[in-house]
Every structure is written in C-alpha cells, then in structure tokens.
Amino acid sequence: MKLLHSLTTVLLFAATAVQAADSAPAASDAWSRETPPVARNGVVYFHLHGGAADDELLGAESPVAAVTEIHEMKHEDGVMQMRRVLSLPVKAGSGTEFAPGGLHLMLINLTQPLAAGAKVPFTLTFRKAGKVQGEALVRPLAATAPPAADKKPAHAHSH
C-alpha cells in the first residue's frame, strides 16, 4: 500500500509539472537580424503568448551577448527613443508582439556576429513561471518580419 501511495504521489507530481509547463508563457516565431562583423549589439523579436495565469516578464538572457535587456522603441516629443523596460505585465491568454519599432530583446556586447541561418538561444525570466527557453532564427540584415511571414500568400491579411 505504501508503494502504491508513493507511486501515485510521483505520478500526480509529474502530471502537475507537465500541466504547469503547458500553461507557462511562451515565445513563438522568434527571429533576429544578421549583424555586420563590427556590430556590438543585436536584437531578438518574437510573439509572447501569455500562460494560464497573469505573470510578469522580469528579464532575459542569451549566451551570445554579455547583457540581454528588454527594450522598447517609442515616439516621445516627436523623437523616436529606445528605453529599457524593467518588467512587462503578461496577461493570461494574451499575446504581445516583440517587433521592429517596438518591444525587443537587446543583445548587448555580442560574443560574435550573428550570421544568417544561425540560431540564437535565449531565456525569458517570469515572476511566476520562472525561466522559459526560446530560440531565434537569424535572418538576413534586410529582414523586417519573422520567417513565418514569408510563407503567407500575397493576398493574406488580418484584421
């Protein structure tokens, strides 16, 4: 009976862990831009999906940069400015775009140039969900959208 109770506890714990992982925030369609050999900084863009509960994005890191920060581009007093975002609320079930001209991960002091076709691993840190892994595909320098956008038909649009 004791063995059955222990086994049931282990299975229940495993099922809860899988359910918690499925309900955590996640990043999809992550991409970055190729950088010139002399560039010291890079960027990562993605779509952030809220999990099952409200949470807060507290930071990020990547092994390709000495420092990784959440940044936002905004027009203020007629001038486009970039500022660091210390935390970002993430509503349950919501979506937030990290895209050119808006929110992005700033990769500061790159360890090497980002080459088209390479992958950039990154980790997002949330107050409740903890650490969530992501990976961005490096696109050519002129890219303006995630790789998934390349696959949409020319007549596709959204409302």
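User: Which residues is Thr35 in contact with, leaving aside its neighbours within four places in sequence?
Analyst: With those neighbours set aside, Thr35 is in contact with Asn41, Gly42, Leu110, Pro113 and Leu114, where contact means heavy atoms within 4.5 Å. This is a predicted model, in which local features need pLDDT of at least 70 and side-chain atom pairs count only at pLDDT 80 or more, while totals for chains, interfaces and linings use all residues. Residues are numbered from 1 along each chain as its sequence is written, and side-chain values use heavy atoms, with hydrogens and water left out.

User: Where does Thr35 lie, and is Thr35 buried or exposed?
Analyst: Thr35 lies in the loop between β1 (26–33) and β2, the strands being DSSP runs of E with at least two residues, numbered from the N terminus. Thr35 is buried, with a relative accessible area of 11%; buried means under 20%, exposed over 50%, and partly exposed in between, using a 1.4 Å probe and protein chains only.

User: What does the side chain of Thr35 reach?
Analyst: The side chain of Thr35 reaches the backbone nitrogen of Leu114 at 2.8 Å.

User: Switching to the core: which members touch the most others?
Analyst: In the largest nonpolar core, which has 25 residues, Phe46, Leu57, Phe98, Leu105 and Leu124 touch the most other members. Such a core is a set of buried Ala, Val, Leu, Ile, Met, Phe, Trp, Tyr and Cys residues joined through side-chain atoms within 4.5 Å. Among the strands that each supply at least two residues of this core are β2 (41–49), β4 (65–76) and β8 (103–110).

User: OK, charges now. How many salt bridges does the structure hold?
Analyst: The structure holds five salt bridges, each being a side-chain nitrogen of Lys or Arg within 4 Å of a carboxyl oxygen of Asp or Glu.

Methods:
Helices (H or I, at least four residues) and strands (E, at least two) are DSSP runs, numbered from the N terminus. A polar contact is a pair of N or O atoms within 3.5 Å; within protein, one must be able to donate a hydrogen and the other to accept it, and residues adjacent in sequence count only if both atoms are side-chain atoms.
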